[in-house]
Amino acid sequence: MTVQIKQPEGALPDDNGHFGPYGGRFVAETLMVPLRELEEAYDRYLSDPDFLDELDQDLRQFVGRPSPLYLAERWTEKLGGARIYLKREDLNHTGAHKVNNTVGQALLAKRMGKTRIIAETGAGQHGVATATVAARLGLKCVVYMGAVDIARQAINVYRMRLLGAEVVSVASGSKTLKDALNEAMRDWVTNIDDTFYIIGTVAGPHPYPAMVRDFQAIIGREARAQILDQEGRLPDALVACVGGGSNAIGLFHPFLGDREVAIYGVEAAGDGLDSGRHAAPLCAGRPGVLHGNRTYLMEDDDGQIIETHSISAGLDYPGVGPEHAWLKDEGRARYVAVTDDEALAAFHELTRVEGIMPALESSHALAYAAKLAPTMDRDQIIIVNLSGRGDKDIHTVAALEGIKV
Amino acid sequence: MGRITDRFEKLKREGRQALIPYVTAGDPEPAITVPLMHAMVAAGADIIELGVPFSDPMADGPVIQRAAERALEHGTRLRDVLAMVATFRQQDRDTPVVLMGYLNPVEAMGYEAFAKAASEAGVDGVLSVDLPPEEAHDLLEALRGHGVDPIFLLAPTTDDARIEKICAVASGYLYYVSLKGVTGAGGLDVQSVADKLAQIRRHTALPVGVGFGIKDADSARAVAAVADAVVVGSALVKKIEQNAGQSDKITREITDVLARMRAAMDA
């Protein structure tokens, strides 16, 4: 069966990559033609049955899709409200939703004749997912990662090296995800002839926000079919964490037309929105231009990007995908924030009550679902995107409890 | 007519090419910038490109990235850069000044407020490296409304259709980035630059400057033989980095480089 991922006529973004005032293409001139070539290739292969069949095959045989939609019965019982289903992206190969996108972009790279893959990574999940597909396709792979993130995600760094990727430490700026993205862009502009840049989230210049969304939307398409099959109706609410926002848009997008489904994106409140130490541009930032697109940003009055904080490296990013900015302004989705402590509590709760150890990123979504469920009726339904598994975070959690693993 | 056009017409009458140095405002500390601008003019600079520091300089190599970091450590913000230009203008009414940087500080100030403030400070042109013409409409209107030239980049990857589109909105001059890469990269190929400039000139009568890969008198002379202007940035900023804390030495070394380039270009 061929996967249908082409968007209907008139769907956003427009031809220049705009979601209302957001998105677009804000890059140096050297990248404008390569971005157009990428867009043309993506448009072509999106309608190419051979490409779509190969993608579908890879998602089934290599990634392990479809991922289950799991009813968290004991947790639901404890919370005493809406029934909570978990979309189990943690069960994908490499342990998170990131691989849905890297499989797609790597196939595209191969079709375009590129021999070298580059990527940026924060927590290392996207880097691992990229190194994984590069290994499988025999492509050279370079992953840029902030020096601070390399220190706090040592296992993923080693994992990428085992997979044959070169991991380059980025020591400029705040030495985190945003700086890794800057450095990957610099590599790309220098090596555009043979290199394909696999961006890991729904941000960056057009066509990345649309392309990454379309590759991740399999999450929502599956979830929608599964809930109709398992419950015979649509859910009342969707909840997903938002850093750049790829797992969230992947779940949300196929439900956007279902107006009765409430949508919640959960940002990282860090030490609290009032503390200033957070990573919640939609809740507490303002629109600006960074990394090739206009969107909500964490910035000071001079337009300089400010450092973010979250317990979760994957949410520690000062921007957010432009489609989320649009959904916020349109009122179609609500964006809320959850603190480090709340996320950590949800991490422990799900581990103990359901025997599922969630990533700290996904724990933000779980923490919000735990607040939302008790306010809803028992016959209502919430789907939470369990975007990744928590194995990678056990050192962070142990360190907070003073335990050396 | 603006100072930039005046300057290029004067140079054309004299059969000379413009020498355009770039330094990041406030690097390594704010007090040096205005005196350095005057010194660069005295050493033969025709136009000055003044970098506006930004926290995420995606199109810059390590040399100019570190310059932005040093400038930001001292708190050099867009409004401070505008104040520097205003101070420079008190003594120099003729030398064009172009601000070069990224869009977000300009967005944060607001396009209209920025264009007005820039014009009042004596800024002649604005080059936002992450603003292609497709996204430039609103800023272009604001800049034109205040008589400030929008300067655009052209790249080796820019095809005829895009050259046409860019030339339709640019004024003052065009800045051809001589190679694929970030600022400070090496590997200048003068023949390929000459070929691309010929292609660009089929679309426009605007002067075309060339930057990236120009680091000494030889490369400046070679580029001046085919271009209307020679832009030098990282080679100067390196001098600032190597001599941080020694303002006199920074000024001496930068003016030495420029004087040698000037002599080689005019020979």
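This is a predicted model: local features need pLDDT of at least 70, side-chain atom pairs count only at pLDDT 80 or more; totals for chains, interfaces and linings use all residues.
Local features require pLDDT of at least 70 and side-chain atom pairs pLDDT 80 or more, whereas totals for chains, interfaces and linings use all residues. Residues are numbered from 1 along each chain as its sequence is written, chains are lettered from A in the order in which they are written, and side-chain values use heavy atoms, without hydrogens and water.

**View 1. The fold of chain A.** Chain A has 16 helices and 14 strands, taken as DSSP runs (helices H or I, at least four residues; strands E, at least two). Buried residues (under 20% relative accessible area, 1.4 Å probe, protein chains only) make up 65% of the 405 residues in chain A. The C-alpha trace of chain A spans about 55 × 50 × 40 Å along its principal axes.

**View 2. The contact between chain A and chain B.** In this interface, 40 residues of chain A are in contact with 38 residues of chain B, contact meaning heavy atoms within 4.5 Å. The buried area (accessible area lost on being put together, 1.4 Å probe, summed over both parts) is about 3,000 Å², with 48% from carbon and sulfur atoms. A:Glu29, A:Arg186 and A:Asp302 supply 23% of the area that chain A buries against chain B, more than any other three residues.

**View 3. Salt bridges across the interface.** Six salt bridges are found between chain A and chain B, each a side-chain nitrogen of Lys or Arg within 4 Å of a carboxyl oxygen of Asp or Glu. A:Arg36 forms a salt bridge with B:Asp159, with the closest N and O atoms 2.8 Å apart.

Notes:
Buried area is the accessible area (1.4 Å probe) that two parts lose on being put together, summed over both. Buried means under 20% relative accessible area, exposed over 50%, partly exposed in between (1.4 Å probe, protein chains only).
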